Amino acid sequence: MTTETFKLGYNDIHDDVVRSIVKTGPKYYITLATAGSVTLLCFFFPWFYQLYYGIGAAGMNHPGVWGTYLASFIFWIGLSHSGTLLSCVLHLTNSSWRKAMYRSAEAMTLFSLVVAATYVMVHVGRPWFIHWAVPYPNQMELWPNFRSPLLFDVMAIATYITGSTIFIYMGSIPDFAAVRDRTSGWRNTMYTLLSLGWRGTDKEWHRLHWAYTFLAVLIIPLAVSVHSIVSWDFAMSIVPSLHQTIFAPYFVVGAIYSGTAGIVTVMFVLRKTMGFEQYITKLHFDNLGKLLLVLSLIWTYINGVELFTAWYSGTSEEYEALGYKLFGYYAWLYWEMILFCAVAPMLMFSTRFRTSFVPMLILSIAINIGMYTERFLIVATSLSRQYLPDAWGVYVPSLVEISIMVGSFALFTTLFLIFVKIFPSVSMYEVKETMATPKMEPAAPAAGSPA
Amino acid sequence: MNVSIVPALKVLRPAAMLVIVILVGLVLGYWANATFVPGNSPEQPIAFSHKIHAGDNEVPCLYCHTQARRSPSAGVPAVSKCVGCHLEVATEKPQIRLLMSYWENREPIPWIKVHDLPDFVHFTHKRHVLANIECQTCHGPVETMDRITVSSRAVNGSAQVGHPWKMGLCLSCHRENEVVNGIDCLTCHK
Amino acid sequence: MPNIDRREFLKLVGAGGVSVGAGFMLREANKDPREYLIPHVLAPEDFSSGLDTFYNSVCSMCPAGCGISVRTREGRAKKIEGNPAHPVSQGRLCTLGQAGLQALYNPDRLTAPMRRTGEGESASFEEITWEQGLKQVGDRLDLLRAARRGNRVAFLTQGVRGHLAQLFESFMRQLGSPRLLHYDFDHPHTLYAANQQFFGESRLPYYDLANTRLLLSFGADYLNNWISPVHHSLGFGESRQGRADVRGRFVQIEPRMSISGAAADEWIPAKPGTEGILALGLAHHIVAEGNYSGADLGAWTNALADYTPDAVAEQTGVPVNTITRLADSFVDTTPSLAIGGGAAGNHSNGVDTLVAVNALNYLVGNIGQEGGLVLNPEPAGPAVQQHRASYSAMVELAEAARQGEIDILIISGTNPVFTLPPAAEFAEALAQIPLVVSLSSFLDETTALADVILPSHTYLESWGDDFPEPGVGFSVGAVSQPVVSPLYNTRGTGDIILDLARRMGSSSVMPWQNMEEFLKYGWRRIYQRGDSQTLAQGFDAFWTSVLKAGAWGETTNGSTAFTLNPDVIAGIGVAPPEFSGSEEGYPFILHPYLSPNFHDGRGANLPWMQELPDPMTSVVYGSWVEVNPVTAEEMGLSEGDLVDIQSPHGQLRVPVFVYPAIMPNVIAIPIGQGHGEYGRYAKGRGVNPIEILSPLLEPITGNLASSATRVNLTPTGGRVKLVKTGGVSRDLGRDIVQHTSLGVEVSSAADNSIPITEVTT
Amino acid sequence: MSLFSRFMDGWRKYRKPGYYDEFDYHWTMTIDLDKCTGCEACVTACQAENNIPVVGEDEMAKGREMQWIRIERYWEGEYPNAKLSFIPMMCQHCDAAPCETVCPVGATYHNQDGLNAQIYNRCIGTRACAVYCPYEVRYFNYYDHEWDSPLEQQLNPDVTVRGKGVMEKCTFCIQRIRQAKDVAKDDDRRRVQDGEMQPACVQTCPTKALVFGDRKDHESQVYKSMNDPRNYRVLDELNTDSSVFYLKKVDA
């Protein structure tokens, strides 16, 4: 264990966290207001315009029928893998350094999933009929098409959202209780309801830990499957440079990669704004840095494989697609992606870099920009170069699309800001578990040892 | 310290009741409109009564709706058709006078469409009439109606799937009569 | 449940009331919009709702005269299809013909008679009644006629045939005016003149593509705009793959690859204007090889003495072996056929060129042969003189107008202001005429300058008839009947003329109330040609049968026997083409060609045509200049670069399209765009190459040598995105369009296959 | 539960081997590239028959053309030996269609006549089918199209006018097929005869390069020409098993 946490007593933790919820300065409200209004202006207004006018408001055309909407969708799904990874994997591997920040990570999971789901609505031409993609008996006697990877998507994401919601909620019940006991008025009422009458008896703790571990085990395969399925949307088509077996692992790794980078960003922000300097420490950045480094290496390898298979196939289709990716209309984006996601992360070989906050922040943001570009390229380049040369075309995003993309980040921020005022954004009880147990308090079983 | 949820729930009760009342209200209002102000039985320019014609006098449907036998659309009779009889029959009735005024000014009668399908449904009367399907199967007991209305009573029992003018009606009927390719989408949508 | 205090209760009641209202309105809001069923007052007998009715008629979108069959539903035209019974179209139709619907339903149609008010810039049109319009014109006509000065009236119309032509003629005869001009930009004057010279009759023969085994086309874009494209296409398909044993071979000789060039098996670029010389080169080889053994062999040998393959190769830029090969195969693979026209006919030596082509046919004995060139019988239609106006005739008209010799000009269907080069100064001439009357259905460039507009029906609303020329080897006629009731307050051209005739007191000579009556009167004569059985039925039965079938035919084959007038042979010879502008100052030769979509510009107001990708370049909405890749590279030009094209008589700014199949010193621009008027779809789009043509004449016909203008080409540095649907037009070894050679086919011929034998080349 | 069992039937039929052999008809088209002159009469015919909107210059510049059948052009060689070949490209009505598997709501499916159906009112506009289609012949309604009055009077009442957010494509003129079957039923024929019905493009093709008919009828013209030794299918290596056969261009 690192030294910082020892300076704290249980009460300090409570005070810090509860303060972060109860004490709300004007700064917070200003940020929330800005984020909210940006969401409204850049996300919802353009979207409603598009609903009224038709998808034509976006830049999509023939043959570029998919565009940034789908890219953003994949991006957000990818980001969502952060939480699952940290909470579940690290929980099971019993690596206690995760405990300070896994809840915000889970929040990221939840909210990026919400944003991703919204993007589905933005993407389709007639969202008012989206319910037809859900199997339910109806007088038309029609079922959705169960052979469609898009339908798998709907299922997978729905499951994933449900799972991670339960997961994050269950994990924070004891903390709700703790806050409940330190607040009054409407907050008290709210947390009373949220904590479901948690008393903190041994039995409760026991069950919590058991169920928590159980869920963790359940969610990991889910996380993997979700992004594999998303990748099948592309891989199951026969479009040159999309029709590849490597796509599932490629997407999963990419997802975890961008997700982890996302956590680094969020942690930095939390640390600065909520005053969690003592909980989120160099240690965390160091470990996450290592993780990132490994992921970036795997990601680069897979990219190489992708290029190689294209070249090795020797067909005109794959060649053209490959050449177009490397030197075509979008080439500069491709090389930007390589720089941010394959080259820059090499810096993290140095411990000094890993343990210094601001550089890590910048890098993490760069990585996510690069990863967004990757998703865009997957959609744009391959659709512009398909089988019939006389039908080739180029897709350029329109203002509406770009603004909605910006807006989606604002939407995410808004949701997150609301979250930090309702959920204890650092898991108090688990942090406590990392401390030496004083005699007075009822003992909790060691974390991660499933009963 | 109090950990029970019950007091918290108590606090919530008024809000909960409000919500419930509002929901009930919405449903009530919707239902009231649907039942007492049916949009599917409008006031026609001439109070033509199918009851008198098809019911009491047993004029066959195809006598006026001649098209139905050979065309996708059943069509409404030309004004001349009405006049053909009413030069003799019931000439004194005010409604007939109204009809005659249309006839003398050579104006068509702007009938309001009651039995309407979405534009993406290509129903053909011809095939159904030639297959000896009773008009009433879909149009309901027209011969009993003074003012025409979309009947929610479907003749064959199975056609109760939702509103009779929904796809369910067509499908169930096509299934029962084992229409060739009857449930292929392209049969009606093209 | 503990009791609720009263304010709590009131709150609930209030909320409940509001929500009931909300629910009520919700239902109200999602009720279906009200629709009406409007019945007929009197049931019409010719259609019943929900059922199609087909009317046979004649297409007037181009001079080919295809028979059409229009599908109508509830009295509205829904689709134009070819009339299977009509020998010209045989149930098929080109894209322009099908787009005729949009001429009928065009949002920019003239809906009522109009009169010009104000002068110059402030000029505008005010709506008037038919009575006013017809009176204004009729009175003036009456005055002139009474004063025996009817020759101060001029009548300018598009090329029309049949009884409408006759009507115009007798109308002008009543006025005693010789100034009746049929003007079309694309009328093949030189071809008629050449036939006059060679066959002694100014008529077109029937080109039997269907049965030919080798077609040499000297610049004639027979699949696109030349004479009768649909019928030629039918022949092309038949000749290519329609016959069990042989596959017709097609060779196209032209400086820029046209649609016909693309369809051909061999495309041979010859220097512009030297097509005739090439033809004579072939002729020389044929005679020299002793493949011609006619009585007049000697005469031929002398006439062709100068056209040795080497000399010809030197002049035309076509290699010697190609010339000899073509000549030999032309002799060997009979029946063969040589046709000439298009750009080849629009040079200073146009007539000679086409005579040379006829000579080629004569030498191998294709004339009167099946699969060759069949002479047509006298058209069955009413006898009318030739009123075809060449360029110089139009210039004369303009000159006369400038001299103040013309008081009234009636314009019908044609648009000279657009299709005449500015050098003719036609627009200026119009300004000099006191009363210009336009009978057009659209506000085109010429109509915009008229004083009175008496808008005509479109051809789908009016009566008429047509006797297609060339016939198909026998006499063909068809009546065009109205397929829909008129949309607007317009009248049929024939009816307008008859009305005017009445107003100038010619009703005694032209007693017919309307065009239909006149048609019936005229067709009575054709009816009388019928056999006893037809006559027995009586005229009305005959008339209905013609309307029903949409076509009338009579198998009186033209005279197959043909003897060549000896002094024609002496006169044979093609001079090298002249061009306007020096080769130094103007290094490029401008090759303007009729756009597949717009013909001579008449199709430019049809949205379908505007949005139809040009077959060769896939460009939509706009103009472009086609440049050879090598030239483009030398000048550093690429697709979309704006260039200035300068001729001695004008300048245009057009984007470049790098075109793989055009001679390095030739540039091509499609005709049809560049309208200044003519409705929302045509106006202000692209450029009109006619604007920069030099008024160089073909001496014999006096027609414009439209392919003989030299231009230079200067990059402006500007750049636009050429709007086109095509991506990369090279199939990078993907075998999308697969080819096969004849030999393989024969060997791998499976059962129920079409065996194709080697065509010796 | 009957609904469920029905669903299971529907599910099984996809896995049943040789399911597609059980069609009553098997509508097929052959296109003789040796006859095709690229005149584009078929394009206009299709546009008129199927209520295909005119999108205008700006939309064209964005690459949003709508014509269901398009003429593709491929150049070979350089001047003076440049050659140009045209190839009409429309929905190939593949019997193993990639687009059919991907539509989440089953708006596009294979019907018993071997047609690749597109049900506009079921489409939710994911555009996945357009991505999966290797021939790129599916066109999307990016907005509600308008006809300048009175051009709308030309619209074909037998064909639905598509609204925004809906995918559309060549249907082999299903409305004409339906009508032909209707006529056949009237005079108690079980089958539609060869040549009795033709799609707009086939009907108008001036060189008769396009032939359409029922593959099951071995006397039909289309059956003969699809067995011509020159026949091939575009992108056959993708095993889409398409119903449009092309006849090779002959070099001579």
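In what order do the strands of the open sheet of 7 strands in chain C lie? The order is β6-β5-β17-β16-β15-β7-β8, and the pairing is mixed. The structure is a predicted model, in which local features need pLDDT of at least 70 and side-chain atom pairs count only at pLDDT 80 or more, while totals for chains, interfaces and linings use all residues. Residues are numbered from 1 along each chain as its sequence is written, and chains are lettered from A and ligands numbered from 1 in the order in which they are written.

Helices (H or I, at least four residues) and strands (E, at least two) are DSSP runs, numbered from the N terminus; two strands pair if DSSP finds at least two bridges between them. In general, strands of a sheet pair through backbone hydrogen bonds, either parallel or antiparallel.

Moving in from β6(C), strand β5 (residues 114-117) of chain C is joined to β6(C) by 4 bridges, and the two run antiparallel. β5(C) also pairs with strand β17 (residues 452-453) of chain C, in the antiparallel sense, over 2 bridges.

Contact is counted if the C-beta atoms of two residues, placed from the backbone, lie within 7 Å. Axes are lines fitted to C-alpha atoms, for helices over the stretch in contact, and angles run from 0 to 180 degrees between N-to-C directions.

Chain C also holds an open sheet of 3 strands, with the order β18-β19-β20 and antiparallel pairing. Because β18 (464-466) and β20 (552-554) of chain C stand at the edges with a single partner strand each, one side of each is left without a neighbour in the sheet. The twist averages 15 degrees from one strand to the next. Between β19(C) and β20(C), which run antiparallel, there are 3 bridges, and C:Ser475 stands opposite C:Glu554 in β20(C).

The loop between β19 (475-480) and α17 (493-503) of chain C contains C:Ser485. This residue counts as exposed because it has 8 C-beta neighbours inside 10 Å (buried means 20 or more other C-beta atoms within 10 Å, exposed 12 or fewer, and partly exposed in between, with C-beta atoms placed from the backbone).

Turning to chain A, the axes of helix α6 (residues 149-182) and helix α7 (residues 185-194) come within 8 Å and cross at roughly 155 degrees. That makes α6(A) roughly antiparallel to α7(A) (under 35 degrees counts as roughly parallel, over 145 as roughly antiparallel, 65 to 115 as roughly perpendicular and the rest as oblique). In their contact, A:Phe176, A:Val179 and A:Arg180 of α6(A) meet A:Asn188, A:Tyr191, A:Thr192 and A:Leu194 of α7(A).
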